[in-house]
Structure formats: structure tokens, C-alpha cells
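Trainee: I am new to this structure. Could you show me how to read its main features?
Mentor: Gladly. Let us look at it together.

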Amino acid sequence: MKITFVGTSHGVPEKNRYCTCIMLESNGAIYFIDAGAPMVDFLVDNGKSINDLRAVFTTHVHSDHTIGLVHLVNLMNWYYKRSSAEIFITEQEHIDATVRWTYTAGDGLIDEERIKLKVAYEGRVYQDENIKVEYIPTAHMKNSYAILVTEGDKRVLFGGDFSHGLRKHDVPSVINENIDGFVCELAHFTMDELSPYLDICNAKRVFFIHAKPARYTDIEDIKGRYPFEVITPDDSDEYLI
Ligand SMILES: [Zn+2]
Ligand SMILES: [Zn+2]
């Protein structure tokens, strides 16, 4: 699968950094993890068709992970009439607000045949011929999740946001397994608080996003300390897994 970091900022945009949004491509199909960036603009800028979009998976409803959904759903509804996607949101209330936004904007009721807004839940929420997607609860807020994506024998964990100072049930235990990537935020806790988890992490690569600028020196400090590769992607950076 190809991973493109569309937005890597930490809840507030920084220069040249949108908020959390990651695009996955597998056999020509497009998926997004989180929606904190203008996804339609990104697809257009990069010559991708919205008709190849299959699904969007959001980790929790904070706006830095969901604000792009309103724009996406609106445009899919009234303009890109051949597009269709499953969109996973962690709260029914947030789905209702998205539907209501489109309606009050004068764009009518959402075409539910094409735009399938679904409440995410713990466990396997999605599977097609390319990928499987599993939601794993975290302690960041009520109904927040990490997302494990499997493509064949490749697995990547997208951590979403964890809690302040890291609580026990934040970092999913799958990081102890032989996974291909762990995308980890670094805004709600320090590198010291994360280090017990890194000590037992068996991922091949750890990608740090959603990091406060002051934490970038901490990330540099751990490079070479662990068996895994430590990566700090910028917006638009692509990785093949
Ligand atoms: Zn966030
Ligand atoms: Zn959050």
C-alpha cells in the first residue's frame, strides 16, 4: 500500500502543515485515515479521481481529524455524482451534524445510496478486496480509536490521538507484534512518557505526526536508539509499505 501524509500538524495548522489526514492507496483504490485536511483539494491537486475513493476512517470527532468531511460530503453529494464511499465517524451526533450541514447549505438530503455515513465501532469495520480495517479503542476521549489497516501480509497501525500523559489503554498492544508501520502522534505526552511503549515496539517503522514543534528535537534524539526506523513525515510525503 502507498501511504501519503496529507496533513501532519498537531491540532492547529502550522506553516505547510494541515491537520491529521493520511491517504492510502491500494490497487488503484483510495482511502483516507482522518480528515483534518481539505481532501478534495488534495485529490484534485494530485490528479486523483474522487471516483476512486472507497472509504474514509476517522479516529475520533475532534475537528482536526474530521473538518474535511463536511466539504467532502457536500461535494460528493451535489457535484461528484459518480462518487461513492463509506465514511466511518465515531459518533452518531456528528453524522447527524454533517447531514444537517449539507441540508442547510441548500444541497438537499445526502444521497445515502452513494455516501454511506456509518458509526464506527470496536473491531473489524471494513473489508474489501484490498484492505481490512480494524478499530481499536484508545483513552483519548469517549469513542476514540486507533486504526489497524491490513493489506495482504502488511499491517500498519494509525494511532489517532492518545490521552494526556498516556494512560494504560491508549497504545494498542499490536505494536508488540511484527507490524510494518506505527503512525504515532506526539502532542498529548512527552517522548519520556512514550518510551516504555517504544521499548517494546516491534514495528519496522515509526512515523511521528501531530507533534508539537518543540517535540521535534526529542524525535531527532531517539533516531538510531531503536531497531525501527524513525520518520517525521512532512505534508505530501509518500511511503510504500
Ligand atoms: Zn488531534
Ligand atoms: Zn483529538
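**Reading the sheet and the zinc site**

Mentor: In this predicted model, 7 strands form an open sheet with mixed pairing, in the order 6-5-4-3-2-1-14.

Trainee: Which strands stand at the edges?

Mentor: Strand 6 (115-119) and strand 14 (238-240) do; each has a single partner strand, so one side of each has no neighbour in the sheet. Neighbouring strands here are turned by 20 degrees against each other on average, direction ignored.

Trainee: In what sense do strand 1 and strand 14 pair?

Mentor: First, the general idea: strands of a sheet pair through backbone hydrogen bonds, either parallel or antiparallel. Here strand 1 (residues 2-7) and strand 14 pair in the antiparallel sense, over 3 bridges. Within strand 14, E238 stands opposite T4.

Trainee: What does helix 4 lie across?

Mentor: Helix 4 (residues 92-107) lies across strand 5 and strand 6, and runs at about 155 degrees to strand 6.

Trainee: Now the metal. Which residues coordinate the zinc ion (ligand 1)?

Mentor: D64 (OD), H65 (NE2), D161 (OD) and H210 (NE2) do, at 2.1 to 2.2 Å.

Trainee: Why is the arrangement irregular?

Mentor: The angles subtended by the 4 donor atoms around the zinc ion (ligand 1) are 90 to 165 degrees, and that makes the arrangement irregular. D64 lies in helix 2 (residues 63-66) and D161 in the loop between strand 10 (154-158) and strand 11 (181-186), so this pair ties together parts 97 residues apart in sequence.

Trainee: Is D161 buried or exposed?

Mentor: D161 counts as buried, because its relative accessibility is 2%. D161 also bridges the zinc ion (ligand 1) and the zinc ion (ligand 2), which lie 3.5 Å apart.

Terms used:
Residues are numbered from 1 along each chain as its sequence is written. Chains are lettered from A and ligands numbered from 1 in the order in which they are written. This is a predicted model: local features need pLDDT of at least 70, side-chain atom pairs count only at pLDDT 80 or more; totals for chains, interfaces and linings use all residues. Side-chain values use heavy atoms; hydrogens and water are left out. Donors are N, O and S atoms within 2.8 Å of the metal (3.2 Å for Na, K and Ca); water is not among the atoms, so sites may look incomplete. Four donors count as tetrahedral if all angles lie between 85 and 135 degrees; four count as square planar and six as octahedral if opposite donors are over 155 degrees apart and all others between 65 and 115; anything else is irregular. Helices (H or I, at least four residues) and strands (E, at least two) are DSSP runs, numbered from the N terminus. Buried means under 20% relative accessible area, exposed over 50%, partly exposed in between (1.4 Å probe, protein chains only). Two strands pair if DSSP finds at least two bridges between them. Axes are lines fitted to C-alpha atoms, for helices over the stretch in contact, and angles run from 0 to 180 degrees between N-to-C directions. Contact means heavy atoms within 4.5 Å.
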